[in-house]
Amino acid sequence: MVSQFKNSQLYVELRPRCPKCKKEFLLDLKRFMPGGFHSCYACGSVTKFDGVLSEKVQVLINDLEATVRQVLDSLSAASR
Ligand SMILES: [Zn+2]
């Protein structure tokens, strides 16, 4: 898993495997959205994202981004 935080945007890269052909693919966690799916580039099989789980993930990402912005604000305020 690769995660970065740039310009108050969280970027988390996952490498799950296709359930059918087991080929690894890249998934930006922000694209793990309710109603979303992934089409395997190798075998073409479509994997639907779990609705409840993806909703939870998006809420957490938003929360984390908001919290990190607060951290950055508190640090830049302290340095003044
Ligand atoms: Zn596949």
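A residue is called buried if 20 or more other C-beta atoms lie within 10 Å of its own, and exposed if 12 or fewer do. The legends below use these words for a predicted model.

**View 1. Strand β1 lies largely in the open.** Of the 5 residues of β1, the number that reach the buried class is 0, so this strand lies largely in the open. Strand β1 pairs with β2 in the antiparallel sense, and 5 bridges join the two. Within this pairing, serine 3 stands opposite valine 12 of β2, while phenylalanine 5 has leucine 10 of β2 as its bridge partner. The two strands form a hairpin with 2 residues between them, and in the turn asparagine 7 has a positive phi of about 50°.

View 2. Strands of a sheet pair through backbone hydrogen bonds, either parallel or antiparallel. Here the open sheet has 3 strands in the order β1-β2-β3, and the pairing is antiparallel. Because β1 (2–6) and β3 (27–28) stand at the edges and each has a single partner strand, one side of each is left without a neighbour in the sheet. Strand β2 (residues 9–14) is joined to β3 by 2 bridges, and the two run antiparallel. Leucine 14 has leucine 27 of β3 as its bridge partner, and glutamate 13 stands opposite aspartate 28 of β3.

**View 3. Phenylalanine 37 in strand β4.** Phenylalanine 37 is found in β4, which covers residues 37–39. Is this residue buried or exposed? Phenylalanine 37 counts as exposed, because it has 9 C-beta neighbours inside 10 Å. Leaving aside its neighbours within four places in sequence, phenylalanine 37 is in contact with Val46, Thr47, Lys48 and Phe49. One of these contacts can be followed in both sequence and space: phenylalanine 37 and threonine 47 are 10 residues apart in sequence, and their C-alpha atoms are 5.4 Å apart.

**View 4. Helix α1, from residue 51 to residue 78.** At 1.5 Å a residue, the 28 residues of helix α1 should span 40 Å, and the end C-alpha atoms are 41 Å apart, which agrees with that expectation. Of the 28 residues of α1, the number buried is 0, so the helix lies largely in the open.

**View 5. The whole chain, as a setting for the close-ups.** The chain has 1 helix and 5 strands, and from the N terminus on its elements run β-β-β-β-β-α. The radius of gyration of the chain is 16 Å, well over the 12 Å that the globule rule gives for 80 residues, so the chain is more spread out than a compact globule. Along its principal axes, the C-alpha trace spans about 55 × 20 × 15 Å. Buried residues make up 1% of the 80 residues in the chain. Among the contacts with a separation of 6 or more, 28% are between residues 24 or more positions apart.

Technical notes. Residues are numbered from 1 along each chain as its sequence is written. This is a predicted model: local features need pLDDT of at least 70, side-chain atom pairs count only at pLDDT 80 or more; totals for chains, interfaces and linings use all residues. Two strands pair if DSSP finds at least two bridges between them. Helices (H or I, at least four residues) and strands (E, at least two) are DSSP runs, numbered from the N terminus. Two residues are in contact if their C-beta atoms, placed from the backbone, lie within 7 Å. The radius of gyration is taken over C-alpha atoms; the globule rule is 2.2 Å times the number of residues to the power 0.38. The expected span of a helix is 1.5 Å times one less than its number of residues.
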